[in-house]
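Have a look at the sequence and the 3D view first.

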Amino acid sequence: MSVEYYVDKFRNLNMNSNKGRKSPHKVCMLLSVMDLIQAGYIYKNRFQLDATLKERFTHFFNERKHEQDRDTPENPFFHLKSEGFWHLAYQDGIDASLVKGYSAKAINYAYLDDELFDYLKSAIVVNDLKDALVENLSDLTDLYTQWLIDVGKSEKTAKNYSQAIRGSISNWMIQENILEEPLTKVKSFREFCRLSETARSLEKFKKFNANGNHMYSAALNSYQRFLADLSQVDVKADIQEIFEDNKLTQTEKTIMVNTRMGQGTFRKQLIEMWKGCSVTGYKNTQMLVASHIKPWREANNTERLDKYNGLLLLANLDKAFDLGFISFQNSGKLMISSQLEAPEVLGLRDDMIFNVHREHKKYLDHHRKILFKGF
């Protein structure tokens, strides 16, 4: 099947509804599996409902749940079989027709269509599929308000931003026949980026934004970051944020965008430093990712461009590092989390080491303390 087939399937999941709100469980389970495939934790097309998958599910679920929702990963693990691309392998001797819900005694593992599993291993294709998943969620107003509070906004600010997106800005666009329903009905990150630029060009937006201390542009920026978090399209959101940073010159913006895309001077400096994968020594730089040790979102602009905040990694190692399945001691010795069940599949060994410079250590300290999942 084509990518477009699965994008359509991901946009139109069969989901339970309660009081008009769709359950986020299937979306969260698929996001979890996608992340673990990218990290190399799921490295072949079969996976069990183990502690790591449950933990990743809880991470996504806590960001998308409503009050009545319960953290029950076993439900989507079982019921995703109704979508046609998710399949269950039952334990020996089990009559599948008699199984009505998840049980480890009845179900051995799940697996995907082979074509879909291959697509999910692509860091490029997976973003389109993640973006499609968000379109299953209900009106996002409540989720957005809670997200604002979670990232440190006051309840008053959260309320004002939410009302600006759902109310004022949406109404101005409806009056201009640009929209037929509020912006909170838009679930696609790409579509919202397009509509956001249109909104900023409206005369009413310019007028009220200037009079309101730029609150409306701040609301659009934050809602765009919120959608990026929901669909995990982080790179695109970060790039948009760079373009809107008035403190940066055009040259600086170009440098920052190239860095976030893993290109430009930052990447060149890492290639010069490492000459290949920092961990495995693999030499084909076309296959390597310029990875930040202290994540982009947590770093300031100086740290984002600092070559000592970087490693050059194979794509699956980059994802494993990003999710905390691997880290490094200040000596450069590789640390492998016990949650990464088959590190040998990624070519990882306990005796691997890289040549640490003094400037690396503060970034490695941050990664071990904040991201590493531990032994």
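## Two helices side by side

Helix H2 (residues 25-39) packs against helix H6 (residues 125-134) at an angle of about 165 degrees, and their axes are 10 Å apart. That makes H2 roughly antiparallel to H6, a label for angles over 145 degrees. H2 passes H6 in a left-handed crossing, meaning the near helix is turned anticlockwise from the far one by less than a right angle.

Who touches whom? From H2 come Val 27, Leu 30, Leu 31, Met 34, Asp 35 and Gln 38, and they meet Val 126, Leu 129, Lys 130 and Leu 133 of H6 (contact means heavy atoms within 4.5 Å). Sorted by type, the residues of this contact are seven nonpolar, one polar and two charged.

## Where the model comes from

This is a predicted model, where local features need pLDDT of at least 70 and side-chain atom pairs count only at pLDDT 80 or more, while totals for chains, interfaces and linings use all residues. Residues are numbered from 1 along each chain as its sequence is written, and side-chain values use heavy atoms, leaving out hydrogens and water.

## Rings that pair up

The structure holds 21 aromatic pairs (ring centres within 6.5 Å). In one of them, Phe 192 and Tyr 223 have ring centres 4.9 Å apart and planes at 50 degrees, so the pair is tilted (planes under 30 degrees apart count as stacked, over 60 as edge-to-face and the rest as tilted). Phe 192 lies in helix H9 (residues 189-200) and Tyr 223 in helix H11 (residues 215-231), so the pair ties together parts 31 residues apart in sequence.

## An annotated stretch

An unreviewed UniProt entry carries the annotation "domain: HNH nuclease" for residues 277-329. Over residues 277-329 the chain is 25% helix and 25% strand, with the end C-alpha atoms 17 Å apart.

Terms used: Axes are lines fitted to C-alpha atoms, for helices over the stretch in contact, and angles run from 0 to 180 degrees between N-to-C directions. Helices (H or I, at least four residues) and strands (E, at least two) are DSSP runs, numbered from the N terminus. Angles under 35 degrees count as roughly parallel, over 145 as roughly antiparallel, 65 to 115 as roughly perpendicular and the rest as oblique. Ala, Val, Leu, Ile, Met, Phe, Trp, Tyr, Cys and Pro count as nonpolar, Asp, Glu, Lys and Arg as charged, and the others, Gly among them, as polar. UniProt positions are given in the numbering used here, feature names are shortened, and annotations may be inferred rather than shown by experiment. Rings of Phe, Tyr and Trp (its six-membered ring) pair if their centres lie within 6.5 Å; planes under 30 degrees apart count as stacked, over 60 as edge-to-face and the rest as tilted.
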